[in-house]
Amino acid sequence: MTTPQTDRAQTAVIVLAAGSGTRMKSATPKMLHRVCGRTMLGHALHAAAGIEPDAIVVVVGHQREQVSAAVAELSADLGVPVSTAVQEEQKGTGDAVAAGMSGLPADFSGTVLVTTSDIPLLDAETLREVVSRHDMRPRAAVTVLTSTAPDPTGYGRIVRNDDGEVLRIVEHKDASEDEKSINEVNSGIYAFDAQVLRDKLGQLSTDNSQGELYLTDVIQLARQANGLIRGHRVEDADLVAGVNDRVQLAALAGEMNRRLCESAMRAGATIVDPSSTWLDVGVEIGRDVTILPGTHLAGATVVHDGATIGPDTTLQDTTVGEGAAVVRSHAVSATVGAGAEVGPFAYLRPAADLGANSKIGTFVEVKKSTIGANTKVPHLTYVGDATIGEHTNIGASSVFVNYDGVNKNRTVIGDHCRTGSDTMFVAPVTVGDGAYSGAGTVIKDDVPPGALAVSGGRQRNIDDWVIKNRPDSGSAEAARRARNDSQKDGLTQ
């Protein structure tokens with residue numbers, strides 16, 4: 001098979017993001033709604049940046065301040081310059097693209113790829129195919145990306161001649177009954193010769209049912225000028241499916257999540273129940289990872305080989321080392337070392353850094369703290385602003401008292417320490433290597449290495465206090481019975 005020759009021209013991408021998205025019923029601009037951890041605008045710009053264009057222009061209009069701010073943030077993340085152009089009034093897709101063209105140099109020549117900000121599954125590979133198809137010799141005036149819709153209602157129809165060449169695109173409201181029977185539909189994604197696009201945008205008319213400037217009319221105008229019009233059909237219709245309301249948003253989020261789970265499984269991970277497992281697009285999952293039901297891996301989470309996550313676990317921007325296990329827990333911006341165990345019901349807050357083979361147990365919260373290798377914090381404990389050494393054990397129900405009402409202070413605990421249950425570490429304080437503390441100790445002063453820290457005096461019992469001070473209580477009655485029983489036992493002996 002001979003590979004078609006192509007002429008690689010300069011390429012610019014115009015992303016349409018000016019619409020109001022009224023059917024979303026939201027104060028948030030439609031394109032800023034999230035799908036699998038990334039806004040739809042973010043998906044559009046990642047796809048555009050993936051073809052390495054010479055320029056990207058985002059057309060903004062409705063709620064332009066919010067959208068422009070999002071563009072600036074995404075541009076910094078992508079490492080690709082992205083500019084914005086304003087569509088002052090929403091007068092149709094042709095008017096929007098004209099605004100986008102104003103963001104390109106006046107002498108720009110080559111290919112202009114037009115896409116939209118509400119097609120979350122669209123990827124760089126599909127855009128590359130469109131550009132490659134467009135640039136085949138002889139280069140086309142226009143190439144339109146199409147798909148087949150089981151129910152084409154509402155979509156623009158692709159009208160071809162008997163030779164399969166694209167003649168025009170007819171909007172649904174302007175289509176005849178015969179044209180409405182066509183199920184090949186317009187995706188809203190095009191590649192244009194820049195000069196053809198400039199010329200034909202100036203010839204557009206509002207003589208249609210919507211009274212708008214239709215970008216689709218450029219195709220018919222180019223055809224009338226003997227321009228070559230190509231169609232590139234994708235078999236996977238979800239790649240070009242758009243979002244108009246929250247029902248469609250949820251459906252496409254589910255489809256993207258299904259694909260992310262499938263990709264992770266094909267790469268060597270076990271996902272026991274993909275239907276209850278949610279992955280963001282920035283998540284990295286190694287081989288032989290096991291993900292149990294009810295798990296959500298979000299943001300830039302990385303799970304290394306052989307780790308087990310879940311069930312019922314959420315990790316946000318968290319790194320989990322090889323062979324570690326995180327069970328029924330929540331973590332945000334934390335690091336879990338290789339072989340470490342977390343949970344059940346643990347909470348790792350930002351800057352929690354767990355060493356290799358460490359243990360964070362049930363109802364333990366860790367924040368801004370470093371836990372050394374092989375150290376255990378097994379039960380009912382708060383660790384905040386602390387550095388704990390290696391091979392140390394923190395007793396149950398301990399609290400790192402890090403806040404004095406004004407400032408946060410740090411606790412430092414050495415290696416091989418054993419602290420008793422219900423120990424209070426009143427920061428700033430240091431506990432030396434090998435030190436111990438007794439149960440219920442309040443540590444306010446530094447503890448030397450190898451010392452035993454205790455606080456409070458010897459226990460004192462006040463006999464019959466309850467009977468004398470709470471004579472009518474159930475406790476007093478129980479105490480009297482116990483005393484009588486004891487006296488009877490003494491007589492029988």
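The model is predicted, so local features need pLDDT of at least 70 and side-chain atom pairs count only at pLDDT 80 or more, while totals for chains, interfaces and linings use all residues. Residues are numbered from 1 along each chain as its sequence is written, and side-chain values use heavy atoms, with hydrogens and water left out.

A pocket is an open set of points on a 1 Å grid over the protein atoms alone, where a 1.4 Å probe fits, with protein on both sides within 12 Å along at least five of seven lines; lining residues have an atom within 4 Å of a point. The largest pocket holds about 1,700 Å³ of space, a volume being the space filled by probe spheres set on the points, which are joined across faces, edges and corners. Its lining has 49 residues, and R23, T93, D118, G154 and N244 are the closest to its centre.

The second largest pocket holds about 410 Å³. Among its 17 lining residues, R34, G37, R38, L74 and D77 sit closest to the centre. Where does this second largest pocket lie? Domain 1 (11–240) and domain 2 (267–453) both give residues to its lining, so it lies between them; the domain bounds come from an automatic or database assignment.

Now find S398. This residue is buried, with a relative accessible area of 0% (buried means under 20%, using a 1.4 Å probe and protein chains only). Contact means heavy atoms within 4.5 Å, and the residues S398 touches include L380, Y382, D422 and F425, leaving aside those up to four places away in sequence.

Conventions:
Buried means under 20% relative accessible area, exposed over 50%, partly exposed in between (1.4 Å probe, protein chains only).
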